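Subject: Handing over a structure, with notes

Hi,

Here is the structure I promised to pass on to you. Please open it alongside this message, and my notes will follow below.

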Amino acid sequence: MCCTLSQNSVVKESQTTSETTIRLRGKEMDLPYGRGGSGDEEASDSRKGKKQYHRHSAQQIQHLETFFKECPHPDDNQRRQLSTELGLDPKQIKFWFQNKRTQKKAQNERADNNALRAENERIHCENLAMREALKNIMCPACHGAGLGEEENQQSLQMLRMENARLKEEHERTMGFFSNYVENSNMPPGTENLSNVPGNSFPGKRVETTVPLDHEQIPRHPEMINSPYNPSGIKEMDKSIIIETAIAAMDELVELLRMKEPVWVTSPSDGRYMLHRDSYDKLFPKPNHFKSSSARMESSKDSGEVAAPAINLVEMLLDSNKWKDMFPTIVTKARTIDVLDTGSFGGSLHLMYEKMHILSPLVAPREFFFIRYCRQLNASTWVMVDVSYDFIKQIQDAAPTRSWKLPSGFMIEEMSNEKSNITWIEHIQVDDKTLTHRLYRDLVCGCQAYGARRWIATLQRMCERFTFSTGLTARPTHELEGVIDSSEGRRNLMKLSHRMIKNFCEVLGMSDRLDFPYLSELNNSGVRVSLRKSDGQGQPDGLIVSAATSLWLPFSIENLFKFFRDEKKRAQWDILSSGNPVNAIARISTGADPGNCISVIQPFVPKENILILQESSIDSLGATIVYAPIDLPAVSSVVNGEDTMKIPILPSGFIISSDGRFTSNKGSGASAATSSSTTSGSLLTVAFQILVCCSSRSKQLNMESVATVHTLISSTIQKIKVALECPDLE
């Protein structure tokens with residue numbers, strides 16, 4: 001009996017405990033179940049231990065929602081201000097914004113998921129519809145039923161087999177062609193391309209330059225002694241190079257035919273430039289440089305050139321002639337290898353070039369690129385350049401800061417021995433930090449290396465060539481007939497052209513000493529460089545070069561006239577010793593009177609010293625280059641002797657726009673011409689002096705540096721005084 005009562009008591013107690021637990025979990029009981037003590041006291045203690053929740057009012061929520069739309073991430077001050085306005089704790093404000101941001105993010109993710117799900121369903125439906133349509137496809141030629149899946153696979157397999165056979169035949173032909181060229185008795189640097197089957201390149205013979213010398217390729221300092229192996233190019237996958245060239249050619253041809261909206265007009269200078277979004281949609285490709293300072297440069301221009309199209313094509317394919325045609329832009333050019341086959345219808349070269357213009361303050365640009373020429377029809381040729389990393393397979397070359405996207409030009413034959421050329425420049429470059437702020441507007445504004453400069457330089461050089469050959473009637477001038485021999489005139493022009501190239505190469509100054517001014521707002525300071533003469537048309541010994549650039553508030557034309565004025569030359573030229581000079585001979589190189597070669601006689605007692613000077617001006621700038629030369633040397637050149645035997649050390653000036661366009665809108669002025677005025681010009685002055693032929697002591701070198709520094713500084717000051725701006729810093 002006692003056992004029964006005890007069991008009943010345990011069961012009841014267990015039921016009571018279970019019911020209490022169930023009611024607690026369901027939150028139906030006001031008092032918690034506990035072991036001993038008063039129920040009221042335990043309830044009071046439980047309420048004290050629990051966190052008190054506060055529901056915000058509708059007005060508070062509305063105020064917080066409004067503030068969230070303007071600023072979803074308030075700072076401490078904003079949270080304190082909100083807590084004061086709404087009567088809430090700053091932590092409540094903080095947690096509310098955190099929860100709100102989480103809620104907003106979840107809503108956006110749900111919306112994105114719904115949109116993607118709908119897009120996926122739409123694409124799936126389109127895919128099913130296309131599959132059904134392919135089952136019922138008909139041949140447009142015979143209106144018969146299309147091939148089935150099995151027939152398609154068989155056709156694809158046959159095409160792959162044919163492609164493999166053609167590739168093997170192509171490699172066999174390339175090997176035979178390479179062996180033939182290497183074993184032939186042709187002069188080095190020339191290859192007869194007229195016998196290659198299917199070659200559409202015009203002309204019976206193309207002259208190529210010698211392979212790229214290892215000293216001409218930039219390398220890391222530790223790679224100086226690493227030999228260059230030109231045969232390493234033959235181990236490359238040439239099919240990839242050919243595919244790259246063909247793709248670049250197709251892109252360039254499309255860009256040449258396109259207009260708006262791919263090409264748009266620049267609001268600053270009126271040039272054509274690529275609309276980046278439109279271009280990326282048509283030709284998507286990754287950026288070569290990943291740095292934030294890298295930028296794209298694009299430009300397009302066209303003009304008429306006084307040269308037959310076939311002659312231009314042959315000259316521009318030869319790296320030496322390419323350098324001669326653009327002496328103020330291209331300082332080095334080499335052909336590394338020639339891959340010229342008839343299977344893809346054109347001439348293909350692997351090339352290297354180094355470009356540098358205007359001033360030592362402008363960073364040079366180096367490219368290893370593929371040049372591919374194709375004849376579109378009987379009177380039209382297209383030549384494309386595109387960068388390629390084939391140099392990495394030769395040696396560990398230093399990386400360049402320039403990458404050429406498909407760029408080039410189209411040459412169209414015209415009547416009267418002229419051609420129309422359309423030029424496109426499109427590159428990615430990372431050189432802003434290497435360019436001085438004086439030239440930053442000009443360089444970063446795509447004016448320094450843009451298509452317009454290439455066109456203007458080509459027009460100027462072709463005009464110079466026609467005047468040298470006598471194809472154009474020379475302007476009447478009293479000094480034109482002093483040198484009456486046509487061979488003497490051509491020889492003197494050849495010597496002057498070498499003088500121009502030497503002067504432009506000197507402006508690179510890779511190893512230089514800088515002497516900055518205290519204020520470099522409008523002046524760059526003096527750059528000084530020392531080098532040993534290489535003996536090629538230069539006097540033997542140590543040569544000191546110095547250059548400086550400055551901004552002047554004058555137009556290009558006014559500065560050009562000032563430096564060409566013989567009566568004002570004594571105001572700045574140290575060779576004149578303060579005395580006037582006079583020209584004793586003149587050869588015109590263009591229709592503009594300023595485009596000419598002059599032989600000037602300074603008043604130097606007891607010395608037969610003359611000055612050979614060439615001046616040139618075009619739409620983008622001007623150059624005046626001169627060098628002292630003795631009278632017997634001039635006589636020998638006029639009499640037809642080899643000009644390379646004449647040592648020459650040029651100095652001179654380069655004048656260019658500052659690239660800072662100012663608004664100049666007048667009544668009735670068009671938008672294209674309203675902003676084409678610049679605020680001033682940039683002048684580069686460069687001198688060279690021969691130090692000594694034997695002694696090369698450190699003391700002598702420093703004295704020479706000080707001498708040339710003083711010379712160029714005093715010349716700059718004399719120029720400022722003559723131009724009535726002596727206080728310009």
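To begin with a question: with which residue does Arg-371 form a salt bridge? The partner is Asp-385, and the closest N and O atoms of the two are 2.8 Å apart. A salt bridge here is a side-chain nitrogen of Lys or Arg within 4 Å of a carboxyl oxygen of Asp or Glu. The pair links distant parts of the chain, with Arg-371 in strand β8 (residues 365–377) and Asp-385 in strand β9 (residues 380–387), 14 residues apart. Both Arg-371 and Asp-385 are buried, where buried means under 20% relative accessible area, exposed means over 50%, and partly exposed is in between (1.4 Å probe, protein chains only). Helices (H or I, at least four residues) and strands (E, at least two) are DSSP runs, numbered from the N terminus.

Before you read on, please keep in mind that this is a predicted model: local features need pLDDT of at least 70 and side-chain atom pairs count only at pLDDT 80 or more, while totals for chains, interfaces and linings use all residues. Residues are numbered from 1 along each chain as its sequence is written, and side-chain values use heavy atoms, with hydrogens and water left out.

More on salt bridges

By the rule above, the count comes to 19 salt bridges. One of them joins the side chains of Lys-501 and Asp-324, at 2.7 Å from N to O. This pair, too, links distant parts of the chain: Lys-501 belongs to helix α13 (residues 486–506) and Asp-324 to helix α10 (residues 319–325), 177 residues apart. Lys-501 counts as partly exposed because its relative accessibility is 22%, and Asp-324 is partly exposed as well, with a relative accessible area of 26%. You will also find a network of salt bridges that links Glu-119, Arg-122 and Glu-126.

Helix α4

Next, have a look at helix α4. What covers the buried residues?

Arg-79 counts as buried because its relative accessibility is 16%, whereas Asp-76 is partly exposed, with a relative accessible area of 43%. After α4 comes Gly-87, which has a positive phi near 70°.

Strand β19 and its partners

Strand β19 (residues 621–630) has eight of its 10 residues buried, so it is largely enclosed by the rest of the structure. On one pairing, strand β18 (residues 609–617) and β19 are antiparallel over nine bridges; two strands pair if DSSP finds at least two bridges between them. These two strands form a hairpin, with three residues between them. β19 is also joined to strand β20 (residues 651–657) by six bridges, again antiparallel. Val-625 is a handy landmark for your display: it is the bridge partner of Glu-614 and stands opposite Gly-652 in β20.

Backbone spots to check

Most residues other than glycine have a negative phi, and most peptide bonds are trans. With that in mind, here are a few places for you to inspect.

- The peptide bond from Glu-260 to Pro-261 is cis, with omega near 5°. Pro-261 lies in the loop between α7 (238–257) and β3 (263–265).
- Asn-416 has a positive phi, near 45°. It lies in the loop between β11 (407–413) and β12 (419–429), and counts as exposed because its relative accessibility is 56%.
- Glu-724 also has a positive phi, of about 60°. It is found in the segment after α16 (698–722) and is exposed, with a relative accessible area of 71%.
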